[in-house]
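Please work through the exercises below with the sequence and the structure open beside you, trying each task before reading its solution.

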Amino acid sequence: MSAPVAVRPTSPPPAGAGAPVRRRRPRTPIVVGALLGALLLSAVLSIGFGAEPLPPRVVLEVLDHRLLGGTADPTWDAIVWDIRLPRTLLAIVVGAGLAIAGTGIQTLVRNPLADPYLLGVSSGASVGATAVITTGLFAGAGLWALSLGALAGALAAALLVFGIAMAQGGLTPLRLVLTGTVLSSAFSAFASFLVFRSSDPQAAQSVLFWLLGSLSGAAWDQLLLPTATVAIVGGLLMAGCGWLDALAAGPDTAAALGVPVRVLRNVLFVLLAALVGVLVAVAGGIGFVGLILPHVARLLVGARHRAVLPVAALAGALFLVWVDVAARVAVRPTEVPLSVVTGLIGAPIFLLLLGRRTYRFGGSS
Amino acid sequence: MTHGARFPAPADDPRIPHLQARGLACDVGGRRGRRVLADVDLAVRHGEMLGVVGPNGTGKSTLLRVLAGVRPAAGGEVRVDGTPLAGRSPRDRAREIAMVGQEEQPQSDLLVGEVVALGRTPHRPPWAGGDDAERDAVLRALAAVELDHAVDRSVEQLSGGERRRVLLARGLAQEAPLLVLDEPTNHLDVRHQLALMRMIRRLERTVVVAIHDLNLAMAVCDRVAILHDGTVHADGPPEDVLTPAAIREVFGVEAVPVRHPDTGHVHLLFTTHEPADDRC
C-alpha cells in the first residue's frame with residue numbers, strides 16, 4: 001500500500017523467538033469467490049440426488065432447455081424443474097437466511113451461543129401451526145393456512161419477547177437472552193398442550209415438522225417471499241456493517257463511537273424477527289445452521305460484519321444444500337427432518353471449533 | 001511540571017473551558033435507582049489533563065460516562081466549547097469526545113488494526129470502512145502508542161498492557177480533541193502504568209482521566225479533582241488538592257508527603273487510619 005502520510009514504525013517488533021508475526025487469514029473476496037463456485041457446483045449436483053438419481057448432464061440439459069431454449073426429456077424436465085430445483089433454491093435461501101440471522105442475533109445479544117430461534121420465533125411458529133391443525137384456524141387460506149399460522153405465531157412470539165424486554169428497561173443482551181429462552185419454553189409447552197388435547201394424530205406430526213424443519217414442500221410460488229426477505233434483511237445488515245462491528249464491541253463502546261445504540265438494537269430485532277419468522281413459515285425450525293455458520297465464517301475471515309455476513313450466508317447456503325441431500329437419501333423412501341442431520345453434523349463441528357485454541361467465540365481472553 | 005494548559009487553546013476565547021459540567025446529577029439502576037452524582041461542577045481547559053480520583057463506588061466511572069455523553073445526565077448539563085452536549089447527534093458528539101472504558105477488552109477475533117479502525121466509526125457512513133485513508137489514521141493512532149508494527153497482528157497475541165494501548169489507540173483514531181479515559185492503567189504493572197501515562201501526556205488533547213493511584217495522578221496530571229460521595233470534594237493543582245487532610249477525610253487513610261531525593265517531586269506514603277481488622 002502507498003500511504004500518502006509516511007508513518008515509520010517507532011518501535012521494533014518484539015524479538016519473540018518463533019512467535020507467529022501475524023495470523024494467516026485468507027482474503028474475503030477469495031473466500032466469497034470459492035464459496036460461490038462451490039455453491040453453484042453443489043446446486044447442480046444436488047439436483048441429481050433423490051428417488052430417481054440423475055446425472056449432472058441431464059440436470060444441465062434441463063437447465064439449458066428452460067433458460068436457453070435447448071431440448072430436454074419432458075419427464076426429467078418435470079422432476080428437475082418442478083420438484084428438485086425449487087427445493088435446492090429454497091435450501092440456498094433458507095441456509096443463507098439462517099446464517100445471516102445467526103450472525104445478527106449473536107451481535108445483538110453478544111452471546112456466542114445465541115441462535116436465530118432465541119427470539120422465541122420457532123416455538124411461536126409451532127404454536128401457530130398446531131393451532132391451525134387443531135382448531136381449523138385460517139381455513140379460508142387453503143394450502144397456505146399452515147404457513148400463515150406459523151408466521152402469525154412466530155411474529156406474535158417475537159412481539160411478546162420484544163414487548164416484555166422493552167417494558168423491563170430495553171433490549172439489553174442478557175435480558176433478551178433470558179426473556180427469549182423463558183418464553184420459548186413456554187411456547188413449546190403450549191404447543192405440546194394443544195397436541196395433547198387434540199385427537200388428531202396429524203397434530204403431533206406437524207409439531208415435529210415445525211420444530212425440526214423440512215424443505216419437502218418446496219415449490220416455485222413459495223420462493224418469492226423468503227428470497228425477498230433474505231435479500232432485503234441481508235442488504236440492510238450489510239448497509240449497517242460498521243455499526244454492527246461497534247455494537248459487537250459492547251453497548252457503551254458503540255455509544256462512545258457515535259452509534260445510536262437503542263435505535264440500532266430495535267431495528268435489528270425487528271429485521272431479525274421478520275427474517276426468522278418467514279424462514280420458519282416456509283421450512284420449519286432448522287437447528288445448528290444459524291448457530292455454527294457465523295462462527296465458521298469468523299474463523300475464516302475474522303469478525304468484521306462486512307466479511308462475516310456474505311461468507312456466513314454463502315457457507316450456510318452450501319451447508320443446507322448438502323444437508324437436504326443427506327436428508328432425502330439417508331433413509332429412503334422417507335425423509336429425515338433437517339434438524340436431525342444438522343444436529344448430527346453440527347455438534348461435532350461445534351466441538352471441533354471449541355477445541356481450537358485460536359478461536360475464542362468472540363470472547364476477550 | 002507546569003500546572004495549566006500544555007499548549008495554547010484553539011478556541012476564540014481562552015476563558016471558555018473546553019469541557020464543562022454544571023450541576024451534574026446522575027442516577028444508576030433505573031427509575032428507582034440510587035443517586036450517584038449530585039451537583040457536580042467541573043471545568044477543563046484546552047490542552048489540560050484533569051485527573052479524577054476518589055474511593056471505589058464514588059461515581060468516577062459514571063461521571064466520565066456522562067461527561068463523554070455515553071450516558072444521559074439526570075440533571076445539569078455538559079458543555080463542550082460553551083455549547084451544550086445534549087443537543088448533538090451521537091455522531092457529532094463522538095467526533096468531539098472519545099472515551100475508553102475501564103473494563104473494555106478488544107474482541108479476540110479481530111486484528112489490531114481492525115480494533116483501532118472502530119474508532120473511525122463516527123467519521124464514515126455505517127456501511128463503509130477499511131479504505132487507505134482509514135488505514136493511515138489507524139497507523140497514526142497506533143504509532144502514538146508505539147504499536148504500529150502490530151497493525152496486522154491478532155489481538156490474541158498481545159499482552160494485557162498492549163491491549164490497553166490498542167484500546168487507547170482506538171480512542172485516538174476517533175481524532176476527537178477531547179479524550180475521556182477510565183482507569184487506563186487498570187491491570188498494568190508499574191512500568192507499563194508509567195509508560196502509558198507518559199504516552200497519554202504527550203498527546204495533544206484535552207484529557208479527563210479517572211485514576212486510582214494518587215501518586216500517578218500527582219505525577220502526570222495538571223489538575224486533580226477528588227470525587228467523594230458523588231460530588232467534587234476538591235479541585236485544583238495536584239499538590240494543593242491531595243493534602244494529608246483531604247486524603248484522611250475522603251479515603252480514611254493517613255498520608256505523609258515526602259519529597260523524592262533526586263527529582264524533588266512530592267510523593268505520598270500511606271498508613272491505614274484505623275486498625276487493620278476493620279472493614280476494608
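The exercises that follow concern a predicted model, and each task is followed by a solution in steps.

**Exercise 1. The make-up of chain A**

Task: Find out how many helices and how many strands chain A has, and what percentage of its residues is buried.

Solution: Begin with the elements, of which chain A has 14 helices and 0 strands, so that reading from the N terminus gives α-α-α-α-α-α-α-α-α-α-α-α-α-α. Next, turn to burial, where residues under 20% relative accessible area count as buried; by that cut-off, 52% of the 365 residues in chain A are buried. Then look at the contacts between residues at least 6 apart in the sequence of chain A, of which 74% join residues at least 24 apart. Finally, consider the surface: chain A exposes about 16,500 Å², and 70% of this is supplied by carbon and sulfur atoms.

**Exercise 2. H8 and H11 of chain A**

Task: Determine how helix H8 and helix H11 of chain A are oriented to each other, and which residues meet where they pack.

Solution: As a starting point, two packed helices are described by the angle between their axes and the distance between the axes. For H8 (residues 224–239) and H11 (residues 261–283) of chain A, the angle is about 155° and the axes are 10 Å apart. Angles over 145 degrees count as roughly antiparallel, and H8(A) and H11(A) are therefore roughly antiparallel to each other. The crossing in which H8(A) passes H11(A) is left-handed. From H8(A), the residues in this contact are A:Leu225, A:Pro226, A:Thr229, A:Val230, A:Val233, A:Leu236 and A:Leu237, and they meet A:Leu268, A:Leu271, A:Ala274, A:Leu275, A:Val278, A:Leu279 and A:Val282 of H11(A). Sorted by class, the contact has 13 nonpolar residues, 1 polar residue and no charged residues.

**Exercise 3. H5 and H6 of chain A**

Task: Carry out the steps of the previous exercise for helix H5 and helix H6 of chain A, and state at what angle they cross.

Solution: H5 (residues 145–167) and H6 (residues 173–197) of chain A cross at roughly 140°, and their axes come within 10 Å. That angle makes H5(A) oblique to H6(A), and the crossing of H5(A) with H6(A) is right-handed. On the H5(A) side, A:Ala157, A:Leu160, A:Val161, A:Ile164 and A:Ala165 take part, while H6(A) contributes A:Arg175, A:Leu176, A:Thr179, A:Gly180, A:Leu183 and A:Phe187. By class, this contact has 8 nonpolar, 2 polar and 1 charged residues.

**Exercise 4. A glycine in H5 of chain A**

Task: Decide whether A:Gly149 is buried or exposed, and list its contacts beyond its neighbours within four places in sequence.

Solution: A:Gly149 is placed in helix H5 of chain A, and it counts as buried because its relative accessibility is 1%. Once neighbours within four places in sequence are left aside, A:Gly149 is in contact with A:Gly128, A:Ala129, A:Val132 and A:Phe138. A:Ala129 is 20 residues from A:Gly149 in sequence, yet the C-alpha atoms of the two are 5.0 Å apart in space.

Terms used
Residues numbered from 1 in each chain as written. Chains lettered and ligands numbered in written order. Predicted model: local features only at pLDDT ≥ 70, side-chain atom pairs only at ≥ 80, totals over all residues. Heavy atoms only, no water. Helix = DSSP H or I, 4+ residues; strand = E, 2+ residues; numbered from the N terminus. Buried < 20%, exposed > 50% of the residue type's maximum accessible area, 1.4 Å probe, protein only. Contact = heavy atoms within 4.5 Å. Areas by Shrake-Rupley, 256 points an atom, 1.4 Å probe, with all protein chains shown as cover. Axes fitted to C-alpha atoms, helices over the stretch in contact; angles between N-to-C directions. Parallel < 35°, antiparallel > 145°, perpendicular 65-115°, else oblique. Left-handed = near helix turned anticlockwise from the far one by under 90°. Nonpolar A, V, L, I, M, F, W, Y, C, P; charged D, E, K, R; others polar.
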